[in-house]
Amino acid sequence: MKVSAAAVALAFALVLANFADQSHGALQEGFYKGKCNVDVEKFVSDIITPLVCQKPSITPALLRMQFHDCFVNGCDASILLDGSLSEKTAIPNRSVRGYDVIDLVKAAIEKSCPGVVSCADVIVMATRDAVAASKGGWYSVQTGRRDGSVSLAKNVNLPGPSISVENSAAIFNRKGISTEDMVHLLGGHTVGVTHCSFIKNRLYNFNNIRSTDPTMQTELAVSLKLKCPHTSTIDNRVDLDQGGSSLAIVEEPASKIAENSFYKQIVNRRGVLRIDQALALNKLTNEIVDKAAISLNDYFLTTFQHAMVKLGAVEVLIGTQGKIRKSCRAIKKS
């Protein structure tokens, strides 16, 4: 049987392409297996899980950190770098928390497996474990990211809480994340928090007409005005998941559990942030919201986890790109 020169050339090209993929590396599940004398993912989980049980607010902190990191220069842990002009100093990042948690995990890993595990992977693994500890279910994450060296506040351009659905979707789409996945990612607000300063316009001066946003449920508006008085200078914290369709006291605050109550809330016009409420009203996203609200909680967990994996793959550094930082806060000078 004769084999044409073209077929041989094609086969050789495929071999070279496969070799190139392997030599340059790629994100994969279990990337660290055999590279350390400990099970890296279990090691991280054993640190994060008890921390979240003690302090549930770690979960929204890490979710926000991962989003803020991945949307600026990709998931490269650049948000962790210290510096007078680093990403940390940008206005949207000044309220980001959880740096101490990442420092704790990274320091522990360095003692057992020095110079191998990236800070970027620590963020992704720690966030996954925090979600699991908040009853959001465990899910597999890909690892193999490398750390970036560029961290500039001027590069931080994140969608704000009052952005329109259309503009938000356009930003997510440019990052390779579909509009549907955007809605599922924003479901992470089920364990999220904000502050009064971000919602006072909705409460007291919506669209500069000195009134309350008409899309907000009256009952919720009354409750939030008690939490956020118009003239108060105290910037109180507000849970983004207010517990569903009423003000009834529940056994366990919804804001501590990763569940689909967030979607039920916004369907009932109980969205705290303007963008959250808009998801349920905009024709671009309302059907996605409705499905998440009426489906079993397992549907939310599956779609949210899937979207988190996609977020973790945004513009990553792999193979010989970037570096592995020994300290997540600094780039070691050679």
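I took buried to mean under 20% relative accessible area, exposed over 50%, and partly exposed in between, with a 1.4 Å probe and protein chains only. I counted Lys and Arg as positive and Asp and Glu as negative, leaving out His and the chain ends. A salt bridge is a side-chain nitrogen of Lys or Arg within 4 Å of a carboxyl oxygen of Asp or Glu.

The model is predicted, so I note that local features need pLDDT of at least 70, side-chain atom pairs count only at pLDDT 80 or more, and totals for chains, interfaces and linings use all residues. Residues are numbered from 1 along each chain as its sequence is written, and side-chain values use heavy atoms, without hydrogens and water.

Entry 1, the chain. I find 13 helices and four strands; these are DSSP runs numbered from the N terminus, helices being H or I of at least four residues and strands E of at least two. Of the 334 residues, 47% count as buried.

I located lysine 200 in helix 8 (residues 200-204). Lysine 200 is buried and has no salt bridge; aspartate 235, the nearest side chain of opposite charge, is 6.5 Å away. What does the side chain of lysine 200 reach at 2.9 Å? I found the backbone oxygen of serine 232 there. Beyond its neighbours within four places in sequence, lysine 200 is in contact (heavy atoms within 4.5 Å) with Asn205, Cys228, Pro229, His230 and Ser232.

I get a count of twelve. Arginine 202 and aspartate 213 form one of them, at 2.9 Å from N to O. This pair links distant parts of the chain, with arginine 202 in helix 8 and aspartate 213 in the loop between helix 8 and helix 9 (218-227), eleven residues apart. Arginine 202 is buried at 4% relative accessible area, and aspartate 213 is buried at 3%. I also noted one network, in which salt bridges with shared partners join Asp82, Lys88, Asp103 and Arg329.

Aspartate 82 lies in the loop between helix 3 (58-70) and helix 4 (99-112) and arginine 329 in the segment after helix 13 (297-311), so the pair ties together parts 247 residues apart in sequence.

Entry 4, a pair inside one helix. Aspartate 46 and lysine 42 form a salt bridge, with the closest N and O atoms 2.8 Å apart. They are four residues apart in helix 2 (residues 40-54), so about one helical turn separates them. Aspartate 46 is partly exposed at 45%, and lysine 42 is partly exposed at 49%.

Notes
Polar contact = N/O pair within 3.5 Å; in protein donor to acceptor, adjacent residues only side chain to side chain.
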